[in-house]
Amino acid sequence: MALRVTQVRSGIGRKPPQRGTLRALGLGRIGKSRVLSDRPDVRGMLAKVSHLVEVEEVPES
């Protein structure tokens, strides 16, 4: 299973670790999406910025 992560809120005004986590996920602009593998380290990063992103499960292709 894979995860489609879309940034829905801005990182402006957030603390540097949260902005860094968005960058590590490959995000940086509202509306940008990435398909990431469902791994524990990715899940941990998503938990830290859950208020800034939207996550949906997609089948791996």
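Visitor: What should I know about the numbering and the model?
Guide: Residues are numbered from 1 along each chain as its sequence is written. The model is predicted, with local features needing pLDDT of at least 70 and side-chain atom pairs counting only at pLDDT 80 or more.

Visitor: Thanks! What is the strand order in the open sheet?
Guide: The order is β2-β1-β3, with antiparallel pairing; strands are DSSP runs of E, at least two residues, numbered from the N terminus, and two of them pair if DSSP finds at least two bridges between them.

Visitor: Which are the edge strands?
Guide: β2 (33–37) and β3 (53–58), each pairing on one side only.

Visitor: And how many bridges are there between β1 and β2?
Guide: Five, in the antiparallel sense, with β1 covering residues 2–7. Within that pairing, L3 stands opposite L36 of β2.

Visitor: Switching topic, how many salt bridges does the whole structure have?
Guide: Four, where a salt bridge is a side-chain nitrogen of Lys or Arg within 4 Å of a carboxyl oxygen of Asp or Glu.

Visitor: Which residue meets D38 in one?
Guide: R43, at 2.7 Å from N to O. E57 also forms a salt bridge with R43, at 3.5 Å.

Visitor: Where do E57 and R43 lie?
Guide: E57 is in strand β3 and R43 in helix α2 (residues 40–48), so this pair ties together parts 14 residues apart in sequence. Shared partners join D38, R43 and E57 into one network. Helices here are DSSP runs of H or I, at least four residues.

Methods. Side-chain values use heavy atoms; hydrogens and water are left out.
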